[in-house]
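This report describes selected local features of a single model.

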Amino acid sequence: MAQTYYQKVNSGWKKMTLRGITGKGVKVFVLDTGNNNSPDFSMNFTADGMADVHGHGSLMGSIVKSSIGLAKDCILYNGKVITDTGAVFPTNVANGLQWALDNGADVISMSFTTGGYSQEVQDKINACAAAGIVMISSAGNSTILSNILYPAGALNVIATNAVKADGAIVYKNALVGSLNHGIDICASGFGAECLDKNGVLTSNSGSSLCASWLAGAFALIKEKLGYPPNPVVMKYILSRAIKQTDPVLYGAGVFTF
């Protein structure tokens, strides 16, 4: 019986870990609501406490690095840029991006929307890109064809879309609108394992997950390739994507190891 897409990518991941490839030394930054699941470094850019009360960031961070995470030996930085109520203020995001820049990030995952274009955020995105940092963001969770959300569609950011276990697209935020580009690549984003804010194993779905999933996979592939510059790693990932018939929804295709 043929493997589903989810089985295939998980098989590829397990083969890499058996070879000892675990993302060693790669700096992955997750900007979100915080992370209660013991990231290596944390910083709070909100007026709330450090704890992840909302819960979203703990899920995202655990996909990258945790007992069930993809890149168990990466260096996981978690920046709390979203409030406990889920509000996203551009200044918090901009400060989180500057923190990543100051600390030598390799890849940044942003599973949120600022609600629209922000020059303050875009300036920091451009600065991170100039430093060779790869930024990945979820495009949105609309089930009807809609515009990609910001910052996913921003200049210098990789826009991700989510696929189900069989490789079928889940969400349809794929139109460029007033932003700079369409979907770049798709990855697992439906029924993925993660840890909630209490450290309990659960499963979740959404385009948010595919951004975190790609960030964790990025760490593995950077190590696999011998630690080349970050844009080279992303170019490799895009070149290996399994091409689909609809580039509007799938971009370069579906991620594979």
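## Cysteines

Is C128 buried or exposed? In this predicted model, C128 has a relative accessible area of 0%. This value is under the 20% limit for a buried residue, and C128 is therefore classed as buried.

The structure contains zero disulfides. For C128, the nearest cysteine sulfur belongs to C74 and lies 18 Å away. A disulfide would require the two sulfur atoms to be within 2.5 Å, and C128 takes part in none. C194 is likewise in no disulfide; its nearest cysteine sulfur, that of C210, is at 13 Å. The relative accessible area of C194 is 0%, so this residue is buried.

How many of the six residues of strand β1 are buried? The strand spans residues 27-32, and five of the six are buried. Strand β1 is therefore largely enclosed by the rest of the structure.

Strand β1 pairs with two strands named here. With strand β3 (residues 75-80), the pairing is parallel and comprises six bridges; within this pairing, V28 is placed opposite L76 of β3. With strand β4 (residues 107-110), β1 also runs parallel, and four bridges join the two. On that side, F29 stands opposite I108 of β4.

Where does S212 lie? The residue belongs to helix α5, which covers residues 207-224. S212 has a relative accessibility of 0% and therefore counts as buried.

Which residues does S212 contact, once its neighbours within four places in sequence are left aside? The contacts are with M60, I63 and V64, together with the serines S109 and S111.

## A nonpolar surface patch

Which residues form a nonpolar patch on the surface? The patch consists of L145, L175 and V248, and their accessible area together is about 240 Å².

V248 is located in helix α7, residues 247-250. Its relative accessible area is 41%. Because buried means under 20% and exposed means over 50%, V248 is classed as partly exposed.

How values were computed:
Residues numbered from 1 in each chain as written. Predicted model: local features only at pLDDT ≥ 70, side-chain atom pairs only at ≥ 80, totals over all residues. Heavy atoms only, no water. Buried < 20%, exposed > 50% of the residue type's maximum accessible area, 1.4 Å probe, protein only. Contact = heavy atoms within 4.5 Å. Pairing = 2+ DSSP bridges. Patch = residues over 30% accessible without salt bridge, like charges linked within 9 Å, V, L, I, M, F, W, Y side chains within 5 Å. Areas by Shrake-Rupley, 256 points an atom, 1.4 Å probe, with all protein chains shown as cover. Salt bridge = Lys/Arg side-chain N within 4 Å of Asp/Glu carboxyl O.
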